[in-house]
Amino acid sequence: MDLVNSYKGVVGLVFGNEKSSSSNEDSHVERLLDCISNGKLAEDRRTAMVELQSVVAESSGAQLAFGAMGFPVMMGVLREERDDVEMIRGALETLVGALTPIEHSKIPKNEIQPALMNTDLLSREADSISLLLSLLSEEDFYVRYYTLQLLTALLTNSPNRLQEAILTIPRGITRLMDMLMDREVIRNEALLLLTYLTREAEEIQKIVVFEGAFEKIFSIIREEGGSDGGVVVQDCIELLNNLIRKNASNQILLRETIGFDPLMSILKLRGSTYSFTQQKTINLLSSLETINLLIMGGSEADPGKDANKLANKTTLVQKKVLDHLLMLGVESQWAPVAVRCAALQCVGNLIIGHSKNLDAIASKVLGEGPQEPALNSILRIILRTSSVQEFVAADYVFKSFCEKNADGQKMLASTLIPQPHSMTHAPLEEDVNVSFGSILLQGLTMSENEVDLETCCRAASVLSHIMKDNVHCKEKVLHIELEAPTPSLGASEPLMYRVVTYLALSSSMKNKDGKSSGNAYIQPILLKMLVTWLADFPSAVHCFLDSRPHITYLLELVSSSSATVFIKGLAAVLLGECVIYNKSGESGKDAFTVVDSISQKVGLTSYFLKFDEMRKSFLFTSARSAEPPKQLTRSASAGMVEPEDVEENNLSDQKDEDLPVLSSIFDAAFVNLVKSLEANIREKIVEVYSQPKSNVAVVPAELEQKSGESDGEYIKRLKEFVEKQCFEIQDLLGRNASLAEDVAATGGASHSRSEQGTGSDRVHVEALRRDLQEASKRLELLKAEKAKIESEASMYKNLAGKMESDLKSLSDAYNSLEQANFQLEKEVRGKKGVGSLAFRDVDAIRAQAREEAQKESEAELNDLLVCLGQEQSKVEKLSGRLLELGEDVDKLLEDIGDDMGLPADGEEEEE
């Protein structure tokens, strides 16, 4: 075997320095292999096999030696000694040991691992895979068991090669599927092997489904006890997920044959609802992953993905999956956080973009005694939960419910009725009769301490979903008036003012207590709500600007050194909305005033830098649509200590900017909104700076008439003053426009380069640009005319060639006529003795024929000469035009002259 020889070379190169220490093991392994292959007594050979198995399982050096020379011997035993069951068992166990890493062996990571090398060597032999699959039909239990273990070891280290080999072997997958109906231990090994085999191989997935995988999977799950079962249930669900992941055809087959009822039975809680073991948690998470895969549909490239997704969502709700999901995510508060979060995520994915499912969740009520709408219960979770992950998952339900659902948004907004001040400070009790809007406003208007501010920001997140892209809801929220926190303060205040107050309070608390995870997302959520509220809604902008401290606070927030990149960026976006959606003409509230405040307090360069810094941040660059969680495999869940670790173990080492709440805020839709607003803000600021301000607040002293000054002198002085002001205004407008354009384009370039250009320079550059454009247009016209003339010249050249060909054919006809005359003369001379009368008749006929031929030839020649004359005059005119365009006429006509000269000479010779 060439592979064995190359393997020996690699082993010798890597482990050459340890040859003396491992020579004993090498010789021992070699002696045992020799006894197995050449021994005379069967008992000696079996003893050698048992000893070899023990040595290989305990020593990495023995594994190396076995890989170099043992595979041919073991394959020979498996191929030729099928009747000796003990030898077959021993050979299989030895191969499993050679392919299994030794845990206590200390091999540096940068050196070759013997088990991996042995796996690679065995997997390269297609015959060996076929041989192993054939052993699955043996009657002996241990032969089948060790064969499956060996195939699993091969698949773990060389999956692609083994998948290709199994596909080429007839009935290879069928033999593996038959093992699922075998005894429990073998069934479990076959199940584990199939989960590895179907992770990426689409062809194998199709064959496995065709062999009845769905029926067998759910049958095993029922036997094992559903979600209360052990790791076998997890393997079954993992295999099921592999078969339907991004595979529309398999999803359709599952939906239309087995149906989703078996899946619902897994989600249904049995026995005590307080008992959630680690394995049960994993089983439920795996089944919730199955629901998410069905909701996602097939792959992106599948043209029928949307139809399949819609059918899956409709069928799932018909099977009452919402009841099971709400039981896990809302009603079962004893369930682990990871399960509750996954269930709520499924609810959000199930209702988004599906009108019937939206109606179903809106009308769903929970509770056995006093019942409460499901949306109210989910809102209570948002306001009360201590888990950040659960808040994000529950918030996603409202985000999905409000996405392109104007009627649903209006329905929720219609319940927003302010409560008396005494009730807003009451604790969030389990009063099922309280409306959705009352619960939300109560959360928004809690007392001003750190814990309640977190509740307020969570309520603000839900309110932002209700107002998103819905002018009616924004108008409704804008007119909500809240009682003053202290009755002595007098009149009520708009809800927007209270939100800005909470924004300022959260900033001050953060400065006192330092950076804490509890406050990391309060300001971004409040700012996101304000950005959503003011977007394309001038009335909200007007209300925001009614209070002058609002702009002052935003300017301080943008320039704050303690604020994060996201807080500064969102504050800058909010200031920009006060410019682009500002329809006010009042002094001090118009767009010019806001831009002027930004320029004076922050500076345009620094202001636009906030956009750039936020756009380059991790959350902005990685923002994307919601995707399913990472696949939950046996290896991924093996290190779990607590059920909650399923979701939280990926967050422990991340920075603050990777917090799940911030990731949910900066989703793809909001990031796209901010990017579009940024472009509009830059354009609007350029426009504001380029326009003069309409109102003049101060009258200069030069406009007053001096005492003793005549009217004529006064008018003359005014005229000079106005002219001077006009020149200065034009110059300033030019400078402002250039400055604003440069800053908007570069997002923080230096002022010095912009200040060098004036309005007159721009006019001059514009004139030069126009001249260049006109010259370019003229050049293009001349090029087009030149191409047209060259095309005509080529056409005439072809025409002249055709006429030359006609002339040549005419000459050939004339020559043939001469030959015919000569032949006739010859015949006449031969018949001269017939008589003078006959001779005279022949001469007359010949003369007449010659005369007619000459007349016909001369007529055709005259016609041809007339045509040639006409063409010559056209060529002369074209030659003159080409000379004007600077072309070499002689070069263009050289080929025509050469071609026409040759036939002319031949014609003269013939004449």
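These are my notebook entries on a few sites I looked up in this structure, which is a predicted model.

**Entry 1: salt bridges**

I began with charged pairs. Side chains of opposite charge can pair when their charged atoms come close. The structure holds 29 salt bridges, and I followed up some of them.

I looked up Arg 144 and found it bridged to Asp 182, with 2.9 Å between the closest N and O atoms. Arg 144 sits in helix α9 (residues 141-157), while Asp 182 is in the loop between α11 (172-178) and α12 (184-197). The two are 38 residues apart, and the pair links distant parts of the chain. I then checked burial on each side. Arg 144 is buried, at a relative accessible area of 9%. Asp 182 comes out at 22% and is partly exposed, because buried requires a value under 20%.

My next pair was Glu 390 and Arg 340, whose side chains meet in a salt bridge at 2.9 Å, N to O. Here both partners are helical: Glu 390 belongs to α24 (residues 388-402) and Arg 340 to α21 (residues 337-351). I noted a separation of 50 residues, and this pair also links distant parts of the chain. Glu 390 counts as buried at 2% relative accessibility, and Arg 340 counts as buried at 8%.

I also noted a network of salt bridges that links Glu 43, Arg 46, Asp 84 and Glu 86.

I turned to Arg 850, which forms a salt bridge with Glu 825, the closest N and O atoms being 3.0 Å apart. Arg 850 lies in helix α45 (residues 836-884) and Glu 825 in helix α44 (residues 759-830), so the bridge ties together parts 25 residues apart in sequence. Arg 850 is partly exposed at 34% relative accessibility, whereas Glu 825 is buried at 14%.

I then searched for cavities. How many cavities of 30 Å³ or more are there? The count comes to 2. I recorded α44 as the source of the largest share, 4 residues.

**Entry 2: Asn 376**

Asn 376 is in helix α23 (residues 374-384). Is Asn 376 buried or exposed? Asn 376 counts as buried, because its relative accessibility is 5% and the cut-off is 20%.

I listed its contacts, leaving aside neighbours within four places in sequence: Val 434, Ser 435, Phe 436 and Ile 439. For Val 434 I also looked at the polar atoms. A polar atom of the Asn 376 side chain lies 3.4 Å from the backbone oxygen of Val 434.

**Entry 3: helix α13**

I went through α13 (residues 202-210) for burial and found Ile 204, Gln 205, Val 208 and Val 209 buried. These four cover an arc of only 135° around the axis, which means that they are on the same side of α13. Which elements cover the buried residues of α13? I noted that the cover includes α10 (159-168), α11, α12, α14 (213-224), α15 (231-244) and α16 (248-256).

Just after α13 I came to Gly 212, which takes a positive phi of about 85°.

**Entry 4: positive phi outside glycine**

I checked for positive phi in residues other than glycine and wrote down two aspartates. Asp 469 has phi near 55°. Asp 469 is found in the loop between α28 (450-467) and α29 (471-478), and is exposed, with a relative accessible area of 70%.

Asp 536 likewise has phi near 55°. I located Asp 536 in the loop between α31 (522-534) and α32 (538-545). At 56% relative accessibility, Asp 536 counts as exposed.

Conventions: Residues are numbered from 1 along each chain as its sequence is written. This is a predicted model: local features need pLDDT of at least 70, side-chain atom pairs count only at pLDDT 80 or more; totals for chains, interfaces and linings use all residues. Side-chain values use heavy atoms; hydrogens and water are left out. Buried means under 20% relative accessible area, exposed over 50%, partly exposed in between (1.4 Å probe, protein chains only). A polar contact is a pair of N or O atoms within 3.5 Å; within protein, one must be able to donate a hydrogen and the other to accept it, and residues adjacent in sequence count only if both atoms are side-chain atoms. Contact means heavy atoms within 4.5 Å. A salt bridge is a side-chain nitrogen of Lys or Arg within 4 Å of a carboxyl oxygen of Asp or Glu. The arc is that of the directions from the helix axis to the C-beta atoms. On a 1 Å grid over the protein atoms alone, a cavity is a set of points where a 1.4 Å probe fits but cannot get out, and a pocket is an open set with protein on both sides within 12 Å along at least five of seven lines; lining residues have an atom within 4 Å of a point. Grid points are joined across faces, edges and corners, and a volume is the space filled by probe spheres set on the points.
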